[in-house]
Amino acid sequence: MALNKKQTKIDTPSVVNIGLIVDADNYVSQKWTSFLIENLDNEFSRRFPCFSWEFSIVERQDFPKNAPVDPLFLLEYGADIKIEYGFDYVLLVTTLPLLSRFEQGINGVPSNLLEAAVVSLSKILELPNENLQRKAFLSLTKHCLGHLWGLDHSANTVMKPRKFWTGQPPLDWDKKEEEQIKQNLKEIADPRIEERGGIKSKWRFYVKMLQEEGLSILKDVLVVRSALMMFHLGRSTAATAVSIIFLFLSAEAWEIGSAMDSAWLDFALVFVIICATLSFYFGQNLQSISRSDKLKEQAVRSRLVLLGTIFMGMFSFWINLFVISYIVINILPQGVLAEWAGIHGKPIPDLHFSKLMATFGLMASAIGGNLEKEQDIKALLIYTEET
Ligand SMILES: [Zn+2]
């Protein structure tokens with residue numbers, strides 16, 4: 001059924017296609033999903049009449065059945081189904097509690113990157129009456145969809161961040177958010193590259209993608225928490241700290257530094273950032289995210305956003321290391337450093353050495369990064385939040 005809908009989508013580009021994925025054996029989540037569709041369909045058709053809304057339920061036998069279920073797994077699982085059926089967005093509805101990584105006890109996890117969200121009824125069904133349960137479920141779903149459609153948190157609307165979804169107001173988007181959603185959906189509703197056909201080569205597909213979507217990919221990269229990425233990764237940060245301390249205290253590092261030409265160091269820096277990015281990407285098996293073999297626009301887009309995010313993460317981490325090194329160099333006794341660097345009596349070229357130390361540190365962190373648990377890094381990159 002969903003495939004037929006996809007074909008009509010080429011003729012009517014203003015269709016927004018949402019897939020709701022549920023466990024085929026779980027009657028409760030199916031019942032609540034039907035409730036969701038009834039409400040959202042009515043409401044969205046009224047509020048966003050410039051789009052034609054299509055909701056399809058996909059009942060899956062292979063839906064995970066063990067609690068707590070890992071939202072990361074569900075998001076990846078949903079992203080595959082999304083690409084397979086050609087949905088614009090997918091929502092995975094489960095009655096199982098979700099495994100939380102960064103917060104305590106969570107009800108939903110949206111992922112802008114995968115254009116998918118997981119919503120759990122587990123805690124909501126414990127609310128005292130059905131009226132509250134309905135309100136809580138609808139507002140949690142709207143909050144997650146709001147994120148998928150590019151909204152940020154806001155204190156006075158349903159986009160208010162919450163630990164508990166209890167059905168208390170605010171339960172809705174405001175006028176401004178409604179407009180923002182319209183704008184974002186307009187971009188999505190355009191036919192995708194593969195639907196327009198004609199491109200067979202992998203490289204041409206990527207180039208076309210960058211031409212058309214370059215700016216919006218860049219926006220996504222900046223929105224994803226790339227700058228904070230490295231600080232969440234304890235092991236690679238520790239590896240970096242240890243290696244930088246040893247570098248600072250070893251005369252050899254200073255000797256190498258003073259022998260190194262500044263232009264060469266710039267070249268080495270670019271090289272190290274690119275290598276570190278690729279090492280992270282492939283070392284952590286991130287290329288397997290949305291692993292459809294075909295060149296689907298969304299899959300390619302996710303990969304580019306991921307690569308871009310890691311690159312930006314590495315670069316901003318380098319800047320931090322640079323600033324720290326600069327401060328440390330200026331605190332340490334200049335005479336000793338000059339001795340180590342073999343430049344007796346002259347002032348230490350602090351910018352040059354800060355650059356060198358930061359670059360070495362980044363190298364260490366790339367190696368340390370591969371000590372991280374693959375699942376944690378993936379979750380950090382994929383989740384928009386845990387709510
Ligand atoms: Zn949120």
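Biologist: Which residues touch the most other members of the largest nonpolar core?
Modeller: This is a predicted model, in which local features need pLDDT of at least 70, side-chain atom pairs count only at pLDDT 80 or more, and totals for chains, interfaces and linings use all residues. Residues are numbered from 1 along each chain as its sequence is written. A nonpolar core is a set of buried Ala, Val, Leu, Ile, Met, Phe, Trp, Tyr and Cys residues joined through C-beta atoms within 7 Å, and a residue is buried if 20 or more other C-beta atoms lie within 10 Å of its own, exposed if 12 or fewer, and partly exposed in between, with C-beta atoms placed from the backbone. Among the 90 residues of the largest such core, those touching the most other members are Leu20, Leu75, Leu91, Ala117 and Leu362.

Biologist: Which residues is Leu75 in contact with, leaving aside its neighbours within four places in sequence?
Modeller: Two residues are in contact if their C-beta atoms, placed from the backbone, lie within 7 Å. With neighbours within four places in sequence left aside, the partners of Leu75 are Val109, Ser111, Leu114, Ala116, Val118 and Ile382.

Biologist: Is Ala276 buried or exposed?
Modeller: Ala276 belongs to helix H11 (residues 262–283), and, apart from neighbours within four places in sequence, Ala276 is in contact with Met314, Leu362, Met363 and Ala366. Because Ala276 has 27 C-beta neighbours inside 10 Å, the residue counts as buried.

Biologist: Which residues does Pro97 contact, leaving aside its neighbours within four places in sequence?
Modeller: Pro97 is in the loop between strand E3 (89–94) and E4, and Pro97 counts as partly exposed because 16 C-beta neighbours are found inside 10 Å. Beyond neighbours within four places in sequence, the contacts of Pro97 are Ala67, Pro68, Ser120 and Ser122.

Biologist: What is the phi of Glu115?
Modeller: Glu115 occupies the loop between strand E4 (108–111) and strand E5 (116–120), and is buried, since 23 other C-beta atoms lie within 10 Å. Although Glu115 is not a glycine, its phi is positive, at about 55°.

Biologist: How are H10 and H13 oriented to each other?
Modeller: Helix H10 (residues 251–259) and helix H13 (residues 334–341) pack at an angle of about 70°, with their axes 7 Å apart; axes are lines fitted to C-alpha atoms, for helices over the stretch in contact, and angles run from 0 to 180 degrees between N-to-C directions. Angles under 35 degrees count as roughly parallel, over 145 as roughly antiparallel, 65 to 115 as roughly perpendicular and the rest as oblique. H10 and H13 are therefore roughly perpendicular.

Technical notes. Helices (H or I, at least four residues) and strands (E, at least two) are DSSP runs, numbered from the N terminus.
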